[in-house]
Every structure is written in C-alpha cells, then in structure tokens.
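Open the model in your viewer and keep the selection tool at hand. The tour goes from strand to strand, then out to a domain boundary.

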Amino acid sequence: MRNGLSTSKPMLSHKSTLFTESVIRGMTQLCNRYDAINLSQGTPGFEPPDEVKEAAIDAIREGYNQYSITWGTPKFREAIAQKVTASNGIPTDPDQNVTVTCGSTEGMMSSLLAIINPGDEIIIFEPFYENYGPDTIISGAKPIYVPLRETHCPERGDIFTYDPDELRDAFSKNTKAIVLNTPSNPIGKVFIHDELKEIASLCCEYDSLAVTDEIYEHMIYDERPHISIGSLPEMRDRTITVSGLSKTYSMTGWRLGYVIAPEYLANGIRKMHDFLTVGAPHPLQQAGVVALQLGEEYYRELIRKYDDNRKLFSALLRKAGFQCYIPEGAYYIMTDISNFGFSDDTEFAHWLVKEIGVGGVPGSSFYSRPELGKTKLRFMFSKDKATLREAADRLMRIREKI
Ligand code: PLP
C-alpha cells in the first residue's frame, strides 16, 4: 500500500529502483536546511556576462518564444560549429554534426540511448561524475570501471593515471564505447595526448566509440592544452563530443548543451533528443550565440580567476587538515579526510554541514564501490574569495570539535 493505492504489481520500473537520488543535489538540500556554505554542487558562484544576459532578454522581447528546430537554431549551431572546428580541432558542419541539447546532461543521455544495444559494455574511468552511473542504467549499458590512481610522475607531479594493462583488459568485443571526461569531475584530471592516443588505438582495435564530456574544457591550469579525442584523425568517425555552456559562462540554469557527432551517429542522437525534450530553450540559444562570440580575453580571465581560487582554497584546506589532490582542470578539489578519524565519508560530510557549516560531497558517490571513496570528500571552488575564506575559517574549527 503506497499513498493509499493498493497495487498488485510494482508501479515503478525496475530501472528506477536501481539508482538513488543524486547525492550531490541531496547535499545541496542539506546545506540549505542548515544554512551551510554550499561547496558541494558544481553550481558556479558567478553571473553570466552582462551582454549575454541582455541578449537573452532581448530575444524574449523580440519573440523567440516558441519551439526552435529540435536540434538547435541555425545560428546557434553555426556558432557552435565554428567554435568546435577552430578551438577543438574537430571539423564540424552545423547541419550534419551538431545537436543542441538541454545541457550536456541530456546530451550524454541522448548519446548513450542512441548507441547502446542489449549486451553492450561501456568503459568508465573512476572516480567518475555521478551521472554516468544512472546514464548506464537508463541506457541499458553494462559499465566496466577502470581505476584512476594517484601516481607520482617526474614530469607531471602527482597526477591520476590509469594502468595501461587494466585499460586493455577492460576492452572486449562487447565494448561499444569508452566514456571520457576531460578535464574531469571530481579529480580534475586532464587527459594528455599520449593517453588519448592509447585510448584511440584501443577504440580502433576493438571497433568502439569514445563519448567524451568536455564541459570543463575552458578551465585548465598551468598552460596545459585541452585536447579533444575527436580531433585525432583516427577518431573522427568514432567520437561523440558532449559539451555545453553551463560552466564556461556560469549559466547552469539555462540548460544549453551540445553534441558533436559524425552524421551517421548524429541522426540517432537527434531522434532521442527530439522525443525526450523537443528542444533547448529558444531565446537562450539566441543569447548563446553572443556567449560563443566572446573574445579570447574572456577565457584568459576565466582561467586566471579559477586558478587563483584553486591555489587559495587548496592552501586553506591543507591548513585545516585536509590532504588535497590538486586538480589540473575543472573547479573541484578532491581531499583525503583520513586525518579526522571518521569511519565514513557520508557521516563526515553530514557532520560538516551540521556542526561546521560547510558542505562537500562524500567521495563514495564517485565510485562504483562506495568503499573506494570512504576517505574522500570533494569541494568545489567556484565561489568568490570571501566565501572561500569564510568556509576555510569554519573548517579550521574541525579539529576543536572532534
Ligand atoms: N558533466 C560533468 C562532468 C559535470 O560535472 C556536470 C555538472 O556538474 C555536467 C556534465 C552537467 O552539465 P550541464 O549543465 O551542461 O548539464
């Protein structure tokens, strides 16, 4: 008996029972309840550029208020194609290769729905962005996880890498795709050319695709390049590149994402996208054109701002007793919480919100087996410096309270 209805059959689908609500968004609710500084969910603490906001208001006034073409307005697709061709090095045709989606979240889901058949496996590096778990369940793919471990590399410092043998062992005749996320959430790993070449060679050998989530492509530090695996010639017909405007322009609520794919895949993705959403918000696509046409200075300033925050907040976290994994990109810091003596990351994360007034995300939510993340907690640093300093002041009190 549920809500007064006596049922003779399970009313919820089996799939819907296989995953929980988002741990990240759950932490946001907890932060709201306890009025804590929310460094859990990856919502930028900044506003979109004024001219982009103005363009959205103008577009609504000018009457762009009905459905657009399902896979995106011609002008927005044209702007995306120009950007992806020039900056990602993937030759992109706006009519054949671009699908505008409701955020990269929907872009990833529509892509997997378009390519997965029963029995297909997808390879996922872990720790991974929480959504990839439900994405595999909804699309019906079998996930095969490959660990990224912290390693000391003489040229690159302490970085997360995979073991090439483990990666090779993960591939099989059933591998439909490997999911990449560069720069990655939660650890800020930026895949380098040699790694992408190695992955590409396995994709070719096993006749597999790469589905790559590049939503943090404009937040990379220490002058590292962003390399899209889709720009490698051997991967041109084997790559689905997912990205969007949410993070680069601080507009997660606008729900503007896109998928770049060879035509034979784009057609399937567009159908999934159409019947799931009909289309992304029309007036905001108009404003998205203005965002994509911002000059180089915008991106330089973005990196400078985030890099300052990365340095500031990692130093403050260390003072407060956290061990930090310094990210190469994106705006998260994964930390080790072993010093604080809690038996479990979720218990610590909840205690931190209630007793200290700061929210982070339990590390276990980024692993297929929760025990792998038991000693970890992720913070985001897309906030103004005063907020980060206030959060750090509060975190300094942990040792007094335990
Ligand atoms: N991909 C990654 C790796 C993310 O971290 C996030 C948000 O935190 C998203 C996708 C969601 O992006 P969008 O707002 O475009 O759906």
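Select strand β14, residues 361–362, together with β15. The two run antiparallel and are joined by two bridges. Strands here are DSSP runs (E, at least two residues), helices are runs of H or I of at least four residues, and both are numbered from the N terminus. Two strands count as paired if DSSP finds at least two bridges between them. Now pick V361: R378 of β15 stands opposite.

A word on the source: this is a predicted model, in which local features need pLDDT of at least 70 and side-chain atom pairs count only at pLDDT 80 or more, while totals for chains, interfaces and linings use all residues. Residues are numbered from 1 along each chain as its sequence is written, and side-chain values use heavy atoms, with hydrogens and water left out.

Find Y332; its bridge partner in β15 is M380.

Stay on β15 and show side chains for residues 376–380. Which way do they point? K376, R378 and M380 point one way, L377 and F379 the other. In a regular strand the side chains alternate between the two faces of the sheet. Five of the five residues of β15 are buried (under 20% relative accessible area; exposed is over 50%, partly exposed in between; 1.4 Å probe, protein chains only).

Zoom out and colour by domain. Domain 1 is 15–48 + 297–401, and domain 2 is 64–292; the bounds come from an automatic or database domain assignment. Their centres, taken over C-alpha atoms, are 24 Å apart.

Select the boundary. There, 36 residues of domain 1 contact 37 residues of domain 2 (heavy atoms within 4.5 Å). The buried area is about 3,200 Å², with 58% from carbon and sulfur atoms. Buried area is the accessible area (1.4 Å probe) that two parts lose on being put together, summed over both. On the domain 1 side, click Y299, E328 and F366: these lose the most area to domain 2, together 22% of what that side buries.

Now look for charges. Two salt bridges are counted between the domains (a side-chain nitrogen of Lys or Arg within 4 Å of a carboxyl oxygen of Asp or Glu). Select D222 and R310: their side chains meet in a salt bridge, 3.2 Å from N to O.

Last, show α1 (23–34), α10 (296–319) and β12: each supplies at least two residues of the domain 1 side touching domain 2. The largest share, seven residues, comes from α10.
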